[in-house]
Amino acid sequence: MSFTLQPGKPAITFELPATDGKNYRLADFDAAEILVLFFTCNHCPYVIGSDMVTQEAALKYKDRGVRFVAINSNSKNTYQEDDFEHMVQRMDEFKFPWVYLYDQSQEVALAYGALRTPHFFVFDKERKLVYTGRGNDSPRDRSKIAVNDLDRTLSELCNGKPVSIPITNPIGCNVKWEGKHKHWMPADACDLVWQK
């Protein structure tokens with residue numbers, strides 16, 4: 001069994017608090033034609049370097065029924081700036097077009113098999129996974145982006161085409177697991193492999 005949720009598998013339900021003071025469940029996003037869940041945080045340079053690219057995608061496809069949901073599962077004991085208070089501050093500062101959820105128990109990150117920040121999971125209307133992996137090939141420096149995987153995936157879906165590349169390896173800092181060294185990853189976590 002793969003550590004990371006594989007294409008074709010259904011989205012896993014959750015209920016998490018958000019920076020807007022509400023709690024959200026997976027079902028709260030049922031109206032979305034396409035749902036993009038992505039694991040992120042506050043401190044990671046790959047997140048900071050790519051948030052504007054992610055925001056551009058969220059705004060570009062908003063009117064096509066695409067909804068973005070961000071989840072922070074990082075341990076605040078590894079990096080204090082990943083705590084809930086800093087999440088609220090970040091959303092207040094940048095006004096990102098997504099809800100920002102806090103997975104303090106890390107149960108959701110484990111359920112989805114999140115590997116890095118950022119790590120994207122794209123689900124179709126039936127909430128079957130159609131893409132997992134990186135947002136683009138240069139999340140830390142947008143000036144060097146040659147391949148925008150998230151944009152390609154959303155464009156294909158919105159135009160009724162099958163997703164041409166359903167799996168890529170996420171690029172970023174590993175998820176910061178509670179009680180573990182900052183570079184630790186679960187033993188069954190591994191590179192994602194796509195086979196045609």
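Reader: Where is Gln106 found?
Author: Happy to start there. This is a predicted model, in which local features need pLDDT of at least 70, side-chain atom pairs count only at pLDDT 80 or more, and totals for chains, interfaces and linings use all residues. Residues are numbered from 1 along each chain as its sequence is written, and side-chain values use heavy atoms, leaving out hydrogens and water. Helices (H or I, at least four residues) and strands (E, at least two) are DSSP runs numbered from the N terminus, and Gln106 is found in the loop between S5 and H3.

Reader: Is Gln106 buried or exposed?
Author: Buried means under 20% relative accessible area, exposed over 50%, and partly exposed in between, using a 1.4 Å probe and protein chains only. The relative accessible area of Gln106 is 6%, so Gln106 is buried.

Reader: What is the phi of Gln106?
Author: Most residues other than glycine have a negative phi. Gln106 is not a glycine, yet its phi is positive, at about 70 degrees.

Reader: Where is the place of Arg127, and what is its phi?
Author: Arg127 has its place in the loop between S7 and S8. With 9% relative accessibility, Arg127 counts as buried. Arg127 is not a glycine either, and its phi is positive, about 60 degrees.

Reader: Why is helix H4 largely enclosed by the rest of the structure?
Author: Helix H4 covers residues 149-158, and its buried residues include Asp149, Arg152 and Glu156 as well as Leu150, Leu154 and Leu157. Its cover includes strand S3 (34-40), helix H1 (45-60), strand S4 (66-72), strand S7 (119-123) and strand S8 (129-133), where contact means heavy atoms within 4.5 Å. H4 is largely enclosed because the buried residues number eight of the 10.

Reader: What reaches the backbone nitrogen of Leu150 at the start of H4?
Author: A polar contact is a pair of N or O atoms within 3.5 Å; within protein, one must be able to donate a hydrogen and the other to accept it, and residues adjacent in sequence count only if both atoms are side-chain atoms. Here the backbone nitrogen of Leu150 is reached to within 3.4 Å by a side-chain oxygen of Asn148.

Reader: How many residues has the largest nonpolar core?
Author: A nonpolar core is a set of buried Ala, Val, Leu, Ile, Met, Phe, Trp, Tyr and Cys residues joined through side-chain atoms within 4.5 Å. Phe14, Leu37 and Tyr112 are among those with the most contacts inside the largest one. S3, S4, strand S5 (99-102), helix H3 (107-112) and S7 each supply at least two of its residues. The largest core has 27 residues.

Reader: Which parts does the pair of Phe38 and Phe68 tie together?
Author: Rings of Phe, Tyr and Trp (its six-membered ring) pair if their centres lie within 6.5 Å; planes under 30 degrees apart count as stacked, over 60 as edge-to-face and the rest as tilted. Phe38 and Phe68 are edge-to-face, 6.3 Å centre to centre with 70 degrees between the planes. Since the two are 30 residues apart in sequence, the pair ties together strand S3 and strand S4.

Reader: Why is the pair of Phe96 and Trp98 stacked?
Author: Phe96 and Trp98 are both buried. The pair is stacked because the ring centres are 4.7 Å apart and the planes are at 15 degrees.

Reader: Which residue lies over the face of Tyr46?
Author: A charge sits over a ring if NZ of Lys or CZ of Arg is within 6 Å of the ring centre and within 35 degrees of the ring normal. At 5.2 Å from the ring centre of Tyr46 lies Arg140.

Reader: How many disulfides does a search of the whole structure find?
Author: A disulfide is a pair of cysteine sulfur atoms within 2.5 Å. The sulfur of Cys173 has its closest cysteine sulfur in Cys44, 3.1 Å away, too far for a bond. Cys44 is buried at 0% relative accessible area, and Cys173 is buried at 16%. The number of disulfides found is zero.
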